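I opened the model to look up its pockets. My notes on them follow the structure.

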Amino acid sequence: MDSPDDLSLWSLHGYCLGARETPHATVRQGDNGRLLFAAEDWCGPEDLARLGLSPRPEQIERLVDFGLIERQGEALRSLVPRLGPALALPLRQALSPLAATFFSAQAGRIAAITRLLAARGMEGSLYAYLFGAVLDGTLWNALKARIEIPETRLTPADRWWRGVFWAVYPPVPGAIGTNEITLGETTMTLVWSAATAQSQRALRQQDWPRALLLFLEGEAPAAPAEAVAAGLVDAAGRPAVPLLGSPDFALLETHGNALAQAAAADFVAALDRLPATPAFTAPQRHVILAHEFLWALQGAYRPDGEQVAAPSTLRASVILHRHATG
């Protein structure tokens with residue numbers, strides 16, 4: 001399978017929670033995607049000119065500032081790891097049975113989680129809890145205890161984002177991920193998919209999600225009307241989606257933590273059997289392959305024999321979390 005000679009046409013992903021701005025838009029500006037593809041290894045001006053590329057100084061400065069490219073004199077080299085067809089397809093083939101075995105082994109625990117949510121009238125939050133709070137949330141802490149996972153907290157040297165940003169081709173059909181909005185000790189976790197990514201980007205620019213978190217922190221007298229309309233809280237301000245970190249959901253979190261530990265153990269045990277990725281550092285390999293494992297789990301999740309689509313409504317996409325203090 002051929003891949004586009006332009007990274008802006010690949011599927012772009014980041015493990016960079018807390019980023020001020022992710023590199024996605026920069027990669028897609030002008031001919032940056034073509035430049036980043038061409039500069040897989042060191043390229044001088046003559047090499048780029050043969051491809052019809054003549055990057056401007058300010059263009060290179062922005063790519064350097066976002067940690068997407070490095071330079072030595074006039075030579076440039078891309079810093080964006082890429083998982084092309086020669087790696088991605090065998091990897092997905094290897095991960096598919098691992099994901100199916102995981103769900104088979106964990107069926108009882110997932111059934112218990114399903115019952116706990118249904119008992120509170122929150123069965124619509126099952127997908128967001130499994131894939132947002134647990135398998136793209138708690139799982140990362142479980143992995144950090146076993147293998148090297150990069151830090152994502154910003155520093156003066158990493159002022160836009162920190163972690164791993166990479167390109168994948170072919171894209172994973174229906175790939176999901178998570179976004180977070182945090183205020184004080186409370187976080188709103190949102191599961192995104194291709195159908196909801198744009199609306200969630202717009203949501204993160206609005207004021208009311210933080211107003212909701214302020215209310216949950218006890219720093220505002222009422223929940224915003226938009227949160228009530230979205231079904232995140234009821235008219236009295238009581239959460240209508242899981243509020244992790246509260247006693248009411250302690251048993252749910254116990255099951256979720258055990259599920260994350262089991263997924264981490266399965267993934268780490270399989271790492272040495274997965275296709276080699278010699279161009280990646282260990283932290284890059286762990287993050288990129290763990291995301292492919294998450295997407296394999298997504299594809300293998302068939303509680304009623306049919307693959308379940310990622311949620312399309314805001315209420316079904318959201319999990320709230322009040323972090324422990326002290």
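Entry 1, ground rules. I worked on a predicted model, where local features need pLDDT of at least 70, side-chain atom pairs count only at pLDDT 80 or more, and totals for chains, interfaces and linings use all residues. Residues are numbered from 1 along each chain as its sequence is written, and side-chain values use heavy atoms, with hydrogens and water left out.

I took a pocket as an open set of points on a 1 Å grid over the protein atoms alone, where a 1.4 Å probe fits, with protein on both sides within 12 Å along at least five of seven lines; lining residues have an atom within 4 Å of a point. I read a volume of about 1200 Å³ for the largest pocket; a volume is the space filled by probe spheres set on the points, which are joined across faces, edges and corners. I found 41 residues in its lining, with Thr-22, His-24, Asn-179, Trp-192 and Arg-204 nearest the centre. Among strands (DSSP E runs, at least two residues) and helices (H or I, at least four), numbered from the N terminus, β6 gives the most to this lining, six residues.

I noted about 590 Å³ of space in the second largest pocket. Its lining has 28 residues, and Leu-17, Gly-137, Asn-141, Glu-180 and His-323 lie nearest its centre. The largest share of this lining comes from α7, with ten residues. β6, β7 (186–192), α11 (250–270) and β9 (318–322) are among the elements that each supply at least two residues.
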